[in-house]
Amino acid sequence: MRVILLGGPGAGKGTQANYIKEHFGIPQISTGDMLRNAVKEGTELGMLAKKIMDSGGLVSDEIIINLVKERIAQPDCAQGFLFDGFPRTIPQADAMKAADVQIDYVVEIDVADDEIIRRMSGRRVHPASGRTYHIEFNPPKVDNLDDETGELLIQRDDDREETVKKRLAVYHEQTEPLISYYSNWSEEGTNSAPRYIKVAGVGNVEEIRDRILTALN
């Protein structure tokens with residue numbers, strides 16, 4: 001079960017990734033984790049990536065793809081893997097295809113921008129404990145105060161409406177083209193083409209989980 005998970009920021013990919021990896025017993029792979037582990041283990045690619053990052057540069061797609069190939073060759077990926085947040089661009093997807101990285105399913109969690117903005121801009125956090133609330137879906141007992149301590153809740157910079165809109169703009173420009181890329185490839189029906197699944201990302205998390213797992217089983 002080799003899966004790519006797609007969807008905008010705030011679409012619920014992280015939550016659903018946990019369900020998928022637990023259900024199928026496969027590791028979740030993110031490029032950030034891969035880079036950190038390669039640097040920590042002092043691999044040749046890790047050292048190369050560290051040198052680039054230390055100088056303020058961006059790690060090339062070529063290095064990322066080689067890290068991916070190393071990672072999915074490890075024993076815990078024998079039953080498959082889940083890519084969350086990768087590939088992020090068409091060139092990365094092309095590089096994966098050229099490197100013969102086989103994918104079984106691409107799952108898109110589809111959520112409208114307005115809903116994403118409502119979800120993310122409504123989040124409130126208690127900084128000391130990390131407890132999270134939502135002004136609409138999970139409000140505190142007393143407006144803007146933590147249930148346990150009565151201390152003020154904050155809105156993180158990442159959750160401010162203008163920040164969310166900027167993140168969505170980047171997603172639409174860089175990552176959303178992958179939806180057409182993989183759905184068109186899937187329709188071609190070649191042997192190496194993954195199956196493309198589009199799931200409505202609205203409703204409670206269990207409903208969304210069941211839609212995804214039913215489509216994958």
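Me: How many aromatic pairs does a search of the whole structure find?

Reply: First, a word on the model. It is predicted: local features need pLDDT of at least 70, side-chain atom pairs count only at pLDDT 80 or more, and totals for chains, interfaces and linings use all residues. Residues are numbered from 1 along each chain as its sequence is written, and side-chain values use heavy atoms, leaving out hydrogens and water. Now the answer: the search finds five aromatic pairs.

Me: Why is the pair of Phe81 and Phe83 called tilted?

Reply: Look at the rings. Their centres are 5.0 Å apart and their planes stand at 55°. Rings of Phe, Tyr and Trp (its six-membered ring) pair if their centres lie within 6.5 Å; planes under 30 degrees apart count as stacked, over 60 as edge-to-face, and the rest as tilted. So Phe81 and Phe83 make a tilted pair.

Me: What makes Phe81 and Phe83 buried?

Reply: Buried means under 20% relative accessible area, exposed means over 50%, and partly exposed is in between (1.4 Å probe, protein chains only). Phe81 has 4%, so it is buried. Phe83 has 1%, so it is buried too.

Me: What makes the pair of Tyr181 and Trp185 edge-to-face?

Reply: The angle between the planes is 75°. The centres are 6.4 Å apart. Both residues are buried.

Me: Why are Tyr181 and Trp185 separated by about one helical turn?

Reply: They are four residues apart in helix 8 (residues 177-188), so about one turn lies between them. Helices (H or I, at least four residues) and strands (E, at least two) are DSSP runs, numbered from the N terminus.

Me: Which residues do ring pairs link into a cluster?

Reply: Phe81, Phe83 and Phe86.

Me: How do you know that the charged end of Lys97 sits over the ring of Trp185?

Reply: Check the rule. NZ of Lys or CZ of Arg must be within 6 Å of the ring centre and within 35 degrees of the ring normal. For Lys97, the charged end is 4.1 Å from the centre of the Trp185 ring, and it sits over that ring. Arg209 gives another case: its charged end sits over the ring of Tyr19, 5.2 Å from the centre.

Me: What is the strand order of the open sheet?

Reply: The five strands run in the order 2-3-1-4-7, with parallel pairing. Two strands pair if DSSP finds at least two bridges between them.

Me: Why are strand 2 and strand 7 called edge strands?

Reply: Strand 2 (28-29) and strand 7 (195-200) each pair on one side only.

Me: How do you know that strand 1 and strand 4 pair?

Reply: Count the bridges. Four join strand 1 (residues 2-6) to strand 4 (residues 105-110), and the two run parallel. Ile4 stands opposite Val106, and Leu6 stands opposite Glu108.

Me: Which helices pack on the sheet?

Reply: Helix 1 (residues 13-24) packs there, touching strand 1, strand 2, strand 3 (81-84) and strand 4; its direction makes about 175° with that of strand 3. Helix 8 packs there too, touching strand 1, strand 4 and strand 7; its direction makes about 130° with that of strand 7. Axes are lines fitted to C-alpha atoms, for helices over the stretch in contact, and angles run from 0 to 180 degrees between N-to-C directions.

Me: What makes strand 4 mostly covered?

Reply: Five of its six residues are buried. On the strand 7 side, six bridges join the two parallel strands. There, Val107 stands opposite Ile197.

Me: How do you know that Leu5 is buried?

Reply: Leu5 lies in strand 1. Its relative accessible area is 2%, so Leu5 is buried. Contact means heavy atoms within 4.5 Å. Leaving aside neighbours within four places in sequence, Leu5 is in contact with residues including Ala17, Phe83 and Val107.

Me: What makes Ser121 buried?

Reply: Its relative accessible area is 15%, so Ser121 is buried. It belongs to helix 6 (residues 113-121).

Me: How do you know that the radius of gyration agrees with a compact globule?

Reply: The radius of gyration is taken over C-alpha atoms, and the globule rule is 2.2 Å times the number of residues to the power 0.38. For 217 residues, a compact globule would have a value near 17 Å; the chain has 19 Å, which agrees.
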